[in-house]
Amino acid sequence: MLVTGSSRGIGAATVLLAAENGFDVIVNYVHNVDAAQHVVTSIQERGQHAIAIQADIACQADVDMMFAAIDDHFGKLDALVNNAGTLEQQMPLEDMTVDRWQRVFAVNVFGTFLCCQKAIKRMKAGSGIVNVSSIAATLGSPFEYVDYAASKAAVDTLTIGLAKEVASRGIRVNTVRPGTIHTEIHALGGEPERAERVKASIPMQRVGEAQEIAEAILWLLSDKASYMTGACVDVSGGR
Ligand code: NAP
């Protein structure tokens, strides 16, 4: 299983749970080699095989290199989780630049597209993809990051279309839309404690944990979800 952006946060929780479920895993990261190596060591302690690959999913040459390394090392790919994602400083749409929209879409949308394209060329019947979107796609994230919300809506639509293209080949493609989760991503928006601030607006009155997203991802990739494809599963505390 390849999980993009699995050195930290939701991705790290997903590869750890995947290892407990018997997967050998590829831990992808962009900058944080120490965190990635720590995750690899934790997986090896669970008795599974793991390698870390540094690759910026927004860079086509990096994605090519990553899949070539997967071919060399494992010779196959059964599951892909497009989890790596980014956002930028909170601001209203009227202050945003085109460059910023391009940076956010380069990772969240084009990176997801590139990895999906590479993966389906390698996948056999019974394989699966889960794209990690966001409940922001339904909320719009006004005054914070409309660009991010729009990029996640694009991921939702990509999931629906790709799922229909590969369904007859036995490959399932689904989306998980997390609500607000305790991770370091909120610091990128300039508000590390954002999760606690928005807690009162969540019907369940609490922030989610990365493990709760990982559980949904692993379930979607399992045979228990064998008739699900093109679906969007909200794991958002009711938002
Ligand atoms: P996070 O804690 O900030 O971790 C981000 C991970 O992605 C890190 O492993 C990072 O690698 C990697 N990454 C970032 N840019 C990358 C790139 N260009 N290429 C490859 N890897 C890259 O994030 P998170 O909160 O776990 O978020 C994971 C996913 O869930 C994202 O798609 C996010 O949009 C989505 N999500 C999160 C929340 C939330 O409240 N946390 C809510 C809804 C949706 P390094 O360690 O090397 O930097």
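## Basis of the description

The structure is a predicted model. Two packed helices are described by the angle between their axes and the distance between the axes.

## Helices α3 and α4

Helix α3 spans residues 60–73 and helix α4 spans residues 98–122; their axes lie 10 Å apart at an angle of about 30°. Because angles under 35 degrees count as roughly parallel, α3 is roughly parallel to α4. The crossing of α3 past α4 is right-handed.

On the α3 side the contact is formed by Q60, V63, D64, M66, F67 and D71, and on the α4 side by L114, C115, K118, A119 and R122. Sorted by class, this contact of α3 with α4 comprises six nonpolar, one polar and four charged residues.

## Helices α4 and α6

Helix α4 also packs against helix α6 (residues 146–166), with axes that come within 9 Å and cross at roughly 15°. That angle makes α4 roughly parallel to α6. The two helices form a right-handed crossing.

From α4, the residues in contact are R100, W101, V104, F105, N108, V109, T112, F113, C116 and I120. Their counterparts in α6 are V146, D147, Y148, A150, S151, K152, A154, V155, L158, L162 and V166. The contact of α4 with α6 contains 15 nonpolar, three polar and three charged residues.

## Helices α1 and α8

Helix α1 (residues 9–20) packs on helix α8 (residues 210–221) at an angle of about 55°, and the axes are 8 Å apart. The two are therefore oblique to each other. Here too a right-handed crossing is found, as α1 passes α8.

Residues G9, I10, A13, T14, L17 and A18 of α1 meet A210, Q211, I213, A214, E215, I217 and L218 of α8. By class, nine nonpolar, three polar and one charged residues make up the contact of α1 with α8.

## Ligand surroundings

The ligand is surrounded by 31 residues, of which the closest are S7, H31, N83, Y148 and T183. Y148 also belongs to the α6 side of the contact with α4.

Which atoms of R8, V30 and K152 lie by oxygen atoms of the ligand? For R8, a polar side-chain atom is 2.7 Å from a ligand oxygen atom. For V30, a backbone N or O atom lies 3.0 Å from an oxygen atom of the ligand. For K152, an N or O atom of the side chain is 2.8 Å from a ligand oxygen atom. K152, like Y148, is listed among the α6 residues that contact α4.

Notes. Residues numbered from 1 in each chain as written. Predicted model: local features only at pLDDT ≥ 70, side-chain atom pairs only at ≥ 80, totals over all residues. Heavy atoms only, no water. Axes fitted to C-alpha atoms, helices over the stretch in contact; angles between N-to-C directions. Helix = DSSP H or I, 4+ residues; strand = E, 2+ residues; numbered from the N terminus. Parallel < 35°, antiparallel > 145°, perpendicular 65-115°, else oblique. Left-handed = near helix turned anticlockwise from the far one by under 90°. Contact = heavy atoms within 4.5 Å. Nonpolar A, V, L, I, M, F, W, Y, C, P; charged D, E, K, R; others polar. Near = heavy atom within 4 Å. Polar contact = N/O pair within 3.5 Å; in protein donor to acceptor, adjacent residues only side chain to side chain.
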